[in-house]
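Here are my notes, as promised. Have the model open while you read, and click through the residues as they come up.

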Amino acid sequence: MEKHEGRETAAVRFDDPWYDALASGWGELDGTGAPAPVAPPAPGGPGPGHSAAEIYLEVQRSAAFQEVRSRYRRFVVPASLAFFTWYLAYVVAATTAHDLMARPVVGAVNVAMVAGLGQFFTTFLLTWAYARHARLRRDRAALDLRWDTQELTRGADR
């Protein structure tokens, strides 16, 4: 994008060749000059006359959606509980076990500092594990659901 200098700050020129291109299914012509028909909904899915809300509810009840949600819960619930327990143990130990937390580990580094740095480390470790789990176990199935849902809602009554 290139902005012209001067008083006319509203004049903006886009150098992107796709800037004026229509999205798929939006106003293309079929070769005769008439608008191309919208792609029909996927077989076995809701037909014409279904609203987008009905389609989303049907997708939400589907086995594929339930599997994606189940995979999400099977990772997030135990990971959240484990991290919350570790955090609570750190806070309780810091407030009640002063002698334990003040015990030196190496030089001026004590148990409290190691445990505090451990909080940061486990945060980054959990973030990495979550991203990896999402990429390997959920993203592809969720993307497939998204595309299917978009195809179904393309012809839905609004």
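1. Start with N110: leaving out residues up to four places away in sequence, N110 touches M101, A102, R103, P104 and V105. Contact here means heavy atoms within 4.5 Å. N110 lies in strand 4, and its side chain reaches the backbone nitrogen of A112 at 3.3 Å. That pair goes down as a polar contact, meaning N or O atoms within 3.5 Å; within protein, one must be able to donate a hydrogen and the other to accept it, and residues adjacent in sequence count only if both atoms are side-chain atoms.

2. A word on what you're looking at. This is a predicted model, so local features need pLDDT of at least 70 and side-chain atom pairs count only at pLDDT 80 or more, while totals for chains, interfaces and linings use all residues. Residues are numbered from 1 along each chain as its sequence is written, and side-chain values use heavy atoms, with hydrogens and water left out.

3. V109 also sits in strand 4, which covers residues 109-110. V109 is partly exposed, at 33% relative accessible area; the classes are buried under 20%, exposed over 50% and partly exposed in between, with a 1.4 Å probe and protein chains only. Setting aside neighbours within four places in sequence, V109 contacts P104 and V114.

4. Now the overall layout. The protein has 4 helices and 4 strands, in the order β-β-α-α-α-β-β-α along the sequence. These elements are DSSP runs numbered from the N terminus: helices are H or I with at least four residues, strands E with at least two. Of the 158 residues, 15% count as buried. Among contacts with a separation of 6 or more, 59% come from residues 24 or more positions apart.

5. Which residues of helix 1 are buried? In helix 1 (residues 52-61) they are A52, I55 and V59. These three are on the same side of helix 1, because they cover an arc of only 60° around the axis; the arc is taken from the directions from the helix axis to the C-beta atoms. An α-helix has 3.6 residues a turn, so residues three or four places apart point the same way. The face turned away from the buried side carries the exposed residues A53 and R61. The cover over the buried residues includes helix 2 and helix 4 (111-154).

6. Y56 is in helix 1 too, and is partly exposed at 47% relative accessible area. Leaving aside neighbours within four places in sequence, Y56 is in contact with T149 and T153.

7. In helix 4, have a look at H133. H133 counts as buried, at 15% relative accessibility. Its side chain makes a polar contact of 2.9 Å with the side chain of R138. Beyond neighbours within four places in sequence, H133 is in contact with R71, F75 and R138.

8. Last, the surface. F84, Y87, L88, V91 and V92 form a nonpolar patch with about 430 Å² of accessible area together. Of these, L88 is in helix 2 (residues 63-96) and is partly exposed, at 37% relative accessible area. The protein exposes about 12300 Å², with carbon and sulfur atoms supplying 63% of it. Areas come from the Shrake-Rupley method with a 1.4 Å probe; for residues, only the protein chains shown count as cover. Patches take residues with over 30% relative accessible area and no salt bridge, joining like charges within 9 Å and nonpolar side chains (Val, Leu, Ile, Met, Phe, Trp, Tyr) within 5 Å. A salt bridge is a side-chain nitrogen of Lys or Arg within 4 Å of a carboxyl oxygen of Asp or Glu.
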